[in-house]
Each structure stands twice: as C-alpha cells, then as structure tokens.
Amino acid sequence: GGTAALLLAATLLAACGGGGGDAPGPGPDAGPAIAEFTSDRASYFVGERARLTAVYSGGTGRIEPGSIPVASGQTVETPVLSERRDFRLIV
C-alpha cells in the first residue's frame with residue numbers, strides 16, 4: 001500500500017487598507033479601514049475549506065487570492081485548498 005502524507009495549509013491573514021501617510025480623522029473622507037480579518041481556525045489541511053470573516057468600513061472588500069468578494073461582517077468559505085495559501089483582505 002501507499003503512504004498518504006497530510007499537508008498543512010496554513011492561513012496567514014493580512015490586511016490591506018487604502019491610502020498612506022498620516023491616518024485621517026473620522027469622517028466621510030476617512031477612506032477604507034479594516035477592523036478585523038479572522039479565520040475560524042489557525043490552520044487548515046489541504047483538501048479543506050477555510051472560513052474567513054472580514055470586518056471593514058469605507059469601501060468594498062475582496063479576499064485574495066481568488067478575488068473572493070466579501071461584505072463587511074460576512075463569513076465566506078474558500079474553495080477547497082489544493083496547496084498552502086496566504087489570504088489577504090483588500091478594501
């Protein structure tokens with residue numbers, strides 16, 4: 001028989017807001033802000049799906065790789081992981 005190897009697919013969650021320089025004060029022109037980007041677990045195995053939650057304001061959001069659209073406060077499930085992935089929230 002063959003030997004099956006389990007591969008760990010870790011999720012590194014990173015957040016990308018908008019703008020640069022000094023942070024503007026609160027208000028309608030404050031620009032995008034990411035409050036939270038989390039997963040339901042610290043890591044996943046290849047063949048599993050990651051569950052990611054994004055909380056942000058001031059724009060629209062997507063999770064990369066895959067250009068997965070996400071609304072603030074929404075939990076999304078990724079496609080089946082075929083390899084190690086690092087996910088980023090872009091607002």
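Guide: Because the model is predicted, local features are described only where pLDDT is at least 70 and side-chain atom pairs count only at pLDDT 80 or more, while totals for chains, interfaces and linings use all residues. Residues are numbered from 1 along each chain as its sequence is written, and side-chain values use heavy atoms, with hydrogens and water left out.

Visitor: What makes up the pattern of the protein chain?

Guide: Read along the sequence, the pattern is β-β-β-β-β-β-β-β, and the chain has eight strands and zero helices. Both kinds of element are DSSP runs numbered from the N terminus, a strand being a run of E with at least two residues and a helix a run of H or I with at least four.

Visitor: What is the average pLDDT of the protein chain?

Guide: The average is 80, and 68% of the residues score at least 70, where pLDDT is the predictor's confidence in each residue on a scale from 0 to 100. Over residues 1-11 pLDDT stays under 50. Where pLDDT is low, the predicted coordinates should not be read in detail.

Visitor: Why is threonine 78 called buried?

Guide: Buried means under 20% relative accessible area, exposed means over 50%, and partly exposed lies in between, with a 1.4 Å probe and protein chains only. Threonine 78 has a relative accessible area of 1%, so this residue counts as buried. Its place is in the loop between strand 7 (75-77) and strand 8, and, leaving out residues up to four places away in sequence, threonine 78 touches Arg49, Ala50, Leu52, Ile68 and Phe87; a contact here means heavy atoms within 4.5 Å.

Visitor: Which residues touch the most other members of the largest nonpolar core?

Guide: They are Phe37, Leu52, Ile63, Val70, Phe87 and Leu89, in a core of 14 residues. A nonpolar core is a set of buried Ala, Val, Leu, Ile, Met, Phe, Trp, Tyr and Cys residues joined through side-chain atoms within 4.5 Å. Two or more residues of this core come from each of strand 4 (51-57), strand 6 (68-70) and strand 8 (85-90), and strand 4 gives the largest share, three residues. In soluble globular proteins, nonpolar side chains tend to be buried together.

Visitor: Why does glutamate 64 count as buried?

Guide: Its relative accessibility is 12%, which is under the cut-off for buried, so glutamate 64 belongs in that class. Glutamate 64 is found in strand 5 (residues 61-64), and beyond four places in sequence it touches Asp86, Phe87, Arg88 and Ile90. A cis peptide bond, with omega about 0°, joins glutamate 64 to proline 65, and proline 65 is in the loop between strand 5 and strand 6.

Visitor: How do you know that the side chains of arginine 62 and glutamate 64 meet in a salt bridge?

Guide: A salt bridge is a side-chain nitrogen of Lys or Arg within 4 Å of a carboxyl oxygen of Asp or Glu. For arginine 62 and glutamate 64 the distance from N to O is 2.7 Å, so the pair meets the rule. Arginine 62 itself, at 37% relative accessibility, counts as partly exposed. The count by this rule comes to six salt bridges.

Visitor: Why is arginine 84 called exposed?

Guide: Arginine 84 has 51% relative accessibility, which is over the cut-off for exposed, so that is its class. Its side chain meets that of aspartate 86 in a salt bridge of 2.5 Å, N to O, and aspartate 86, with a relative accessible area of 35%, is partly exposed. Salt bridges that share partners also join Arg49, Arg51 and Glu77 into one network.
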